[in-house]
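Thanks for coming, everyone. Let me put the structure up, and then we'll walk through a few parts of it.

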Amino acid sequence: MAFASVGIGHRDWEDPNVVKWNKRRAHVPLHCHSGVGEALSFWEKRSKADKKSAELAVWDNNATSAALESARFWVQGLPFVLSLSGYWKFYLASKPEATPRDFYLGDFDDSFWKDLPVPSNWQMYGYDRPIYTNIIYPFPLNPPLVPTENPTGCYRRFFTLPPNWKGRRIFISFEGVDSAFYAWINGILVGYSQDSRLPAEFEISDVCHQPGSSDKNILAVKVLRWSDGSYLEDQDHWWLSGIHRDVIVFSKPVVMISDYFVKTQSKQNFTKSTVELQVTLEGPKDSMAMYGLSQYSVEGLLFGPKDHEHCDLSQSNPVSLFPNEIRDTVGHYATTNLTAALEHPKLWSAEEPHLYTLAVILKDPSGVVIDCEACRIGIREVALRPKELVLNGKPIVIRGVNRHEHHPRTGKTNVDACMIKDIVIMKQNNINAVRNSHYPQHPRWYELCDLFGLYVIDEANIETHGFDAYAQPGHQNMIAWDPMWAHAMLERVVNMVERDKNHTSIIFWSLGNEAGFGPNHGALAGWIRGRDTTRLLHYEGGGARTVTTDVVCPMYMRVWDIVKIANDKNQHRPVILCEYSHSMGNSNGNLKKYWEAIESTHGLQGGFIWDWVDQGLLKEGNEQQNNWAYGGDFGDQPNDLNFCLNGLVWPDRTPHPGLEEVKNCYQPIGMSLVGNAVEIMNKNFFVSTENVKFYWSLQMDGLCAKYGSIAVPIVSPRDKHLISWKSGPWFQTWLESAAQEIFLTLTAKLSSSNRWAEEGHIIATQQLNLPRAHPSSPLVITLSDMPTLLFEDFPQIFSISVPDSKWVIEIRKDNGSIQSWTFSWQVASKKVVVKGPVPCFWRAPTDNDKGGGQNSYDSQWRASGLDQLEITDSTDFKPRAVSPHVIEISGVIYLDRAKTFGHTHLHAESSKMFKICVTYLIYGSGDVIMQCYIEPNAILPPLPRVGIQFSVDKIFRDVEWYGRGPFECYPDRKSAAQVGIYQEKVDRLHVPYIMPGECGGRSDVRWAILKDNEGVGLMAMSMNGCLLQMSASYYSTQELDSATHNQELHPKDNIEVHLDYKHMGVGGDDSWTKSVHEEFLIPPVPYDFAIRFSPVTSSSPSGIDVFRTQLENCA
């Protein structure tokens, strides 16, 4: 390090022993209040974040100004804090050695430089390029060296200091810079730092112009994209560079509060609590060594929480913390401890996030307040019992999610309203915990988690995943074993704990993620345990069960394996999955199975879904449309493509359908049938159902017959209430019903608005399948009531119609080939079916289907030719007049890998992939029953689907169905989707996953109708009690398979419809192995099913009325 203004000598960015120079030690965020009144006003305003604030979230180009405004907002009301956010002069050099000479001097000419917003990542504004990798480093693995070509950003910004800062000390804090940087003030080098996710603070009192002076201070910053610190930051996210968090200048008195640590302890069954406050003071070293600070005094005031959200804290009666003398003077620092006893404290939890406001006051020898700091704190206690994580004496359950900091326009730069939006959506979907993956996040994030109520794992900015493929435990390249890296790793852990230690929401410290396991981790764990006894320790590396973790915290472990660990009598730690249910595209299958296990197995306490948001970046596409981009879309090499798209929400926070399943599995109130009663279970640990109203509705064959509210007494936490079946308000309606299917839907709603949701928000809902009250028989449509059929045998086709030509069906007869059939169904002079129906066994692979390389479902399907099926052989289809009102046409087709086909019948049946016996029963009523008996070749892998596919004209865009909905669902992800009758446009059935694949399905469909705006169309319904998987899309399966981005899809003239007798689950335990559970696989065995089609006009009976009918047996 060159300690002068002339520049830089040593290559600090390639030396793990140099992680900082002239950097002040870490501490909690300082706000430099002038007094208690100002502090209370500041925190009152700061705590007004709520659901309305979330409505200001922006995800487009307006986010740049929103980020700058957020940086200004975070220091509003602080007279001794100055944000330097705004537009800075910026120049990007190709490497550190290529930066402009003397650019840090005040008279340097930067007029030719561009303007760049700060905070920001420079790649988001056209400089350099974003890079996405999951595991591999984007540069050669040769620690501690980094590429010579190392993009280096040069920043310049002038600022002045207010007059009222005279006589005070001046500091500058860089809240987050990626990845290493040098800073100069007025040409003087003031410091160097690494760690992209934590503050770097330097004192600049002696290098600034006097406060109130007209002379401007020039701040210059040199930011390197790559440093040896990059080897510790190999997280699964975008590599983005620059000053991505705010830069603030603040002033303090000469003797000042420099840090404080709040701890709480509870006793006597949490009716009494003690608040312990350790305050660190800082002053001039010489005078402190001679006189100490005995004549100064420190006071603490604790203002209590109010029952309403936006309280006037100044009207509270504070509790004084009992002071001790200032002692332990070491160098610049001295410490003192203060305590207070609380009677009947209001405890903090995610369910009831009560917060107190703590003010810490420093007075000079004359009793004048010279410094004040304040923060919000909660009273809570985290502990372990055998197989239990305990908060305030209760074994809480973690209903969590992992969250990267990600904004599609600003990258890693935060917007206040967007952070609030994340939390509001989480709370509205019953998420109660967040793992900060995989680094400390913006300080404001923790304030919001405290305020709204989220349990937090705060994770150190350490990941070395890219070493996994190169080193074995103990190998010299394994950073966890290399003492040269111990200091750099410990520095990151220490700085995280010291910055965030007063945030009540943090219940775990994490040593990082996927950084192997070695002696260095022992040092990290030892330091944390010595520093903070109020929280637990988490680390998955080394097998999730090492001595450095207080909980067993595996990632992506199968449900049966976590149950085994929980049932292991030798394992006394609880199991909390640090990552599970990999939400990549159409995913989150099997989630219900995990939660059935968690709620029934002692020792399982939940987990954190991977992850919250699709990390797509906004990129301008064709026709000036902004599209979501992923790895490789910026020409970045190497890259891991779309593996950054694992979210429960899109980049603009629009929820994926999978979030509905999460909300359902995470719901805090359970409702079920138990014997002759309905049981309502309050799964919460701290709140009753006082603020919840319950409602019911009774659906009969998909239609709501009756609904109302239920008078449920207040149910205490972890308690149950039983409602006798016969005493329920639904009983009489059920008793009188002759419906074939009856469902009772119970719903719990908020009875009043709160910080994150409006009154009436649904927090839990459950649909219960009831038995029939009375046996019912379908209405039989007799053959004699049907028109007589007209049958014509043409050279190429069979034509079937009725005398008045209301409909005509034409079926090709030569070989039964779907591709050469014209299945033209004319209804009201409209051609409804333009192609098909044809048996179908292929789906556009999802991300999970592709997981596993050559062993993936996708690879096995393609190797078997399932993506290239065509009719390679057939028997001629034969007609048979069953009666004057019914004609049967039947034949056999063989499907195999696509090849040039001649109608020669030379291929042996045993070599075909599928043999399908197809029979059509065509009725004078216009009904057609398609029967399929399918014999797959036994050597085939599990099948994607077994069903039929057909196409209708695009005008038949209105879809009505009786089944699960209204949102997308699949056989292994359908708990949240309730059975009912739904209506939707075809284009809205499509789910625009950024990487296209199978999507838009609806499960357990009894019947479906596609019709135009005049009510003309086609109805299809299941038979023999089977339930169908239905989808309808303007995009073909082939197009969904070949497209790499959703914007590449273009609506066609036809709508492709799938009705599946069987459809494979989507999986989701992970996305790199075959993760569909056995019960949701489709083995290659014979299948037999039938589907009934009926023409629909505006005068036709309703779908449910048609479904209640049965065609007379014509055998």
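First, a term: a residue is buried when its relative accessible area is under 20%, exposed when it is over 50%, and partly exposed in between, using a 1.4 Å probe and protein chains only. What you see is a predicted model, where local features need pLDDT of at least 70, side-chain atom pairs count only at pLDDT 80 or more, and totals for chains, interfaces and linings use all residues. Residues are numbered from 1 along each chain as its sequence is written, and side-chain values use heavy atoms, with hydrogens and water left out.

Let's start with helix α11, residues 658-665. Of its 8 residues, 7 are buried, so α11 is largely enclosed by the rest of the structure. Those buried residues are G658, L659, E661, V662, K663, N664 and C665. A word on names: helices are DSSP runs of H or I with at least four residues, strands are runs of E with at least two, and both are numbered from the N terminus. What do the buried residues of α11 pack against? They pack against α5 (416-428), α10 (591-598), β32 (604-609) and β41 (762-770). Contact here means heavy atoms within 4.5 Å.

Next, α14, residues 857-864. Its buried residues are Y857, D858, S859, W861 and S864. They pack against α13 (847-850) and β51 (886-897). Just after α14, G865 takes a positive phi of about 85°.

Now a helix pair. α7 (residues 486-500) packs with α8 (residues 519-531) at an angle of about 25°, and their axes are 9 Å apart. That angle makes α7 roughly parallel to α8. The cut-offs: under 35 degrees is roughly parallel, over 145 roughly antiparallel, 65 to 115 roughly perpendicular, and the rest oblique. The axes are lines fitted to C-alpha atoms, for helices over the stretch in contact, with angles from 0 to 180 degrees between N-to-C directions. Which residues make the contact? From α7, A486, M489, L490, V493, V494, V497 and E498; from α8, N520, H521, A523, L524, W527, I528 and R531. By type, that contact has 10 nonpolar, 2 polar and 2 charged residues. Nonpolar covers Ala, Val, Leu, Ile, Met, Phe, Trp, Tyr, Cys and Pro; charged covers Asp, Glu, Lys and Arg; the others, Gly among them, are polar.

On to the cores. A nonpolar core is a set of buried Ala, Val, Leu, Ile, Met, Phe, Trp, Tyr and Cys residues joined through side-chain atoms within 4.5 Å. The largest one has 143 residues, and Y455, W612, W730 and L744 touch the most other members. Take W612: beyond its neighbours within four places in sequence, its contacts include V401, I425, M426, L648 and L659. A second, separate core holds 77 residues, including L30, W43, W122 and L277.

Last, some backbone features. Most residues other than glycine have a negative phi, and most peptide bonds are trans. V118 and P119 are joined by a cis peptide bond, with omega about 10°. P119 sits in the loop between β4 (114-118) and β5 (131-133). S437 to H438 is also cis, with omega near -15°. H438 is in the loop between β27 (433-436) and α6 (443-452).

Where is D195? In the loop between β10 (188-194) and β11 (200-203). Its phi is positive, near 90°, and D195 is not a glycine. D195 is buried, at 6% relative accessible area.
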